[in-house]
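Hello,

Here is the structure I promised to pass on to you. Please open it alongside this email, and my notes follow below.

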Number of protein chains: 2
Amino acid sequence: MDLRLALVGCGNVGRAFIALVAAKEAELRERYDLRLRFTGGATRTAGGWIADEGIAAAELAALTWPGAAWQPDAAPGSRAFEGDGLAFIAACPTDIVIELTTLNPLTGEPALSHIRAALEAGRHVVTANKGPIAHAYRELRELAQARGVQLRFESTVMDGTPIFNLAEFSLPATSITGVRGPLNSTSNYVLGEMARGATLEEALAGAQRGGFAEANPNYDLEGWDAAVKVTVLANVLMDAGLRPDEVAREGLGADAMRAAHAALAPGETLKQMAQARRGEDGRIAATVALVALPPRDVFAQLVPGETALRLEADTMGELTLIEGAGGPEQTAFGVLADVIAIARAIGA
Amino acid sequence: MDLRLALVGCGNVGRAFIALVAAKEAELRERYDLRLRFTGGATRTAGGWIADEGIAAAELAALTWPGAAWQPDAAPGSRAFEGDGLAFIAACPTDIVIELTTLNPLTGEPALSHIRAALEAGRHVVTANKGPIAHAYRELRELAQARGVQLRFESTVMDGTPIFNLAEFSLPATSITGVRGPLNSTSNYVLGEMARGATLEEALAGAQRGGFAEANPNYDLEGWDAAVKVTVLANVLMDAGLRPDEVAREGLGADAMRAAHAALAPGETLKQMAQARRGEDGRIAATVALVALPPRDVFAQLVPGETALRLEADTMGELTLIEGAGGPEQTAFGVLADVIAIARAIGA
């Protein structure tokens, strides 16, 4: 099977994805009978390009784009593209739109509009952007079904750790009844540094220097990032129909973190934990809160960089996944896993 | 799709599987278009039965077998069957043989002969027995391929926790380069009780009363159980071609456990750990050993009943799975997951 890919957004994850496809080219052909070619890319800073016949990943990885504007000379059959993401989606011949733009997480834009346009045009969509899935999962799922295309988003939570693909392909005939985990890395890094004696400000500055905290940390510290993630989990795995603003965010923010840190008993570990659970009445309640974990709690033991999620399932009971180290390479793997899942679904 | 199932062996796991299929009957029909019927069962203690048209799970669950011999009157169209497992496999009309006999783990028998006979007869096979997979995986895999049937064994390690199905369906285009975990529950229960002040003998007696330790504990304490499990993991996930007796078992057994316990530094936790890893030279080395884990190691935090496995993968780095509580229900889930995987494969 030949599949054409178009990249909307191409930052660290996009570049890691191109490199991963290049590295796995032979394996994809031999194990999955799958040949992937890139027919276009669009970015805000380096513009875009379209190549009707497609470019192989290894060839694309060797070019200067997206570090610099597209040089048509360097890739025969290609042309530079001027225009925004929506114009690119309308113009680029592709089977799958890979949506990797940086986004406003409170609205999901512009990714939401990109995904909607791609699905309406009959393209499969893979995204690593959690905003559109948190804000509009049911609408997008119905649109994809109506158009007979796939919408996949493994990398929206815990990078490429198999969660949605695990639930769909490896936990058959199973109902997920709850999810729980320390879903916001920045908050938990800051709390970990505070436990080692740093002030909140020092810890936060370290996270920002490390590149994994936003310039405006309130999105992390006040629980919005975790609320968006737990909304995605609850809506996809438990069909909750939640909005991020319906997630109870309890006692969060910088002042609450300092107070909870000061009140911690010896041996306890403070974490910002997110959870969603189906109650006796069938309603799903989701919360993000600061929790003092006892010494032997698995979540208390996570080292910086590790993330974890516990699923509660009617068949398996509790199943916890821990990701050792997340980064663009792991996120890129989730995108590739989704592309392969699409190939399997349409080839079946 | 209609699939006929035949049970070879029907103890706790077999009964839990029948109950699970009964509970999930509507979901299997609606989500997977799958109707399962039992066409026979065979046990050493209660004999066997065959029903050419099959019996629904809910109906089978209501009968006295395998608590007592088969009563043909209670299930119209059925007959009692006399004979051993091989004779049953030859006689029972079925699509899938579910192999759940108790076995000699050092030889894999009689399960190995059952599986070989079923595959040769063109039946798909699902087993929860690790012995045959540890001792004869390549032979059985090739036999299944030659006959165009499936051989699945999710429940051989960590009950039904998705490991083999995770690797196959949810970690595509990935090479597993290492596995590591406290794979033997009995040893780790005993070590945990010793950490709380019990003698090895007291802890072992408790495990035997609890029903999860064998009458002869040396199979667990001397590392054979973990060696068999890590052989299965290495052979299936890493194509290692190992035999259980090629796994290095270092400093194990009751005396070594007492000595290592006495030598433990404050805060450390002693575990019997199994691992397999591909070395620089491409060779896979597997070991079972007593390891003193530091306080913040995730494996050190497991409570009794929890099991865990860490996969090292070229795409995802380290991915750790923790099963909260394992028992016949979880093992039965793994068997059902395998049955559904067979249905998907042959329906595709």
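Let me start with strand β5 (residues 96–99) of chain A: A:I96 and A:I98 point one way from the strand, A:V97 and A:E99 point the other way, and all are buried. Here, buried means under 20% relative accessible area, exposed means over 50%, and partly exposed lies in between (1.4 Å probe, protein chains only). Helices (H or I, at least four residues) and strands (E, at least two) are DSSP runs, numbered from the N terminus.

Before going on, a word on the source: this is a predicted model, in which local features need pLDDT of at least 70 and side-chain atom pairs count only at pLDDT 80 or more, while totals for chains, interfaces and linings use all residues. Residues are numbered from 1 along each chain as its sequence is written, chains are lettered from A and ligands numbered from 1 in the order in which they are written, and side-chain values use heavy atoms, with hydrogens and water left out.

Back to β5(A) and its partners. Two strands count as paired if DSSP finds at least two bridges between them. Strand β1 (residues 2–8) of chain A runs parallel to β5(A), and four bridges join them; A:L7 has A:I98 as its bridge partner in β5(A). Strand β6 (residues 124–127) of chain A also pairs with β5(A) in the parallel sense, over four bridges, and there A:H124 is the bridge partner of A:I96.

Next, the sheet that involves both chains. It is an open sheet of 12 strands with mixed pairing, in the order β9(A)-β11(A)-β10(A)-β8(A)-β12(A)-β13(A)-β13(B)-β12(B)-β8(B)-β10(B)-β11(B)-β9(B). Its edge strands are β9 (248–250) of chain A and β9 (248–250) of chain B, each of which pairs on one side only. On average, neighbouring strands are turned by 20° against each other, direction ignored; axes are lines fitted to C-alpha atoms, for helices over the stretch in contact, and angles run from 0 to 180 degrees between N-to-C directions. Within this sheet, β8 (residues 176–181) and β12 (residues 307–313) of chain A are antiparallel and share four bridges, with A:R180 opposite A:R310 in β12(A).

Two helices of chain B pack on the sheet, where contact means heavy atoms within 4.5 Å. Helix α8 (residues 185–195) touches β10 (269–278), β11 (284–293) and β12 (307–313) of chain B, and its direction makes about 150° with that of β10(B). Helix α11 (residues 224–238) touches β8 (176–181), β9, β10, β11 and β12 of chain B, at about 30° to the direction of β10(B).

How do the two chains relate? Chain A can be laid on chain B with an RMSD of 0.0 Å by a turn of 180° and a shift of 0.0 Å along the axis, so the copies are related as by a two-fold rotation axis. The superposition is by least squares on the C-alpha atoms of residues with pLDDT of at least 70 in both. The copies meet through the same surface, because 100% of the interface residues of chain A are also interface residues in chain B.

Finally, some backbone details to look at. Most residues other than glycine have a negative phi, and most peptide bonds are trans. A:D33, in the loop between α2 (25–32) and β2 (35–42) of chain A, has a positive phi of about 50° and is partly exposed at 46%. B:M158 has a phi near 55° and is buried, with 9% relative accessibility. A cis peptide bond joins B:W65 and B:P66, with omega about 5°, and another cis bond runs from B:E109 to B:P110, with omega near 0°.

Best wishes
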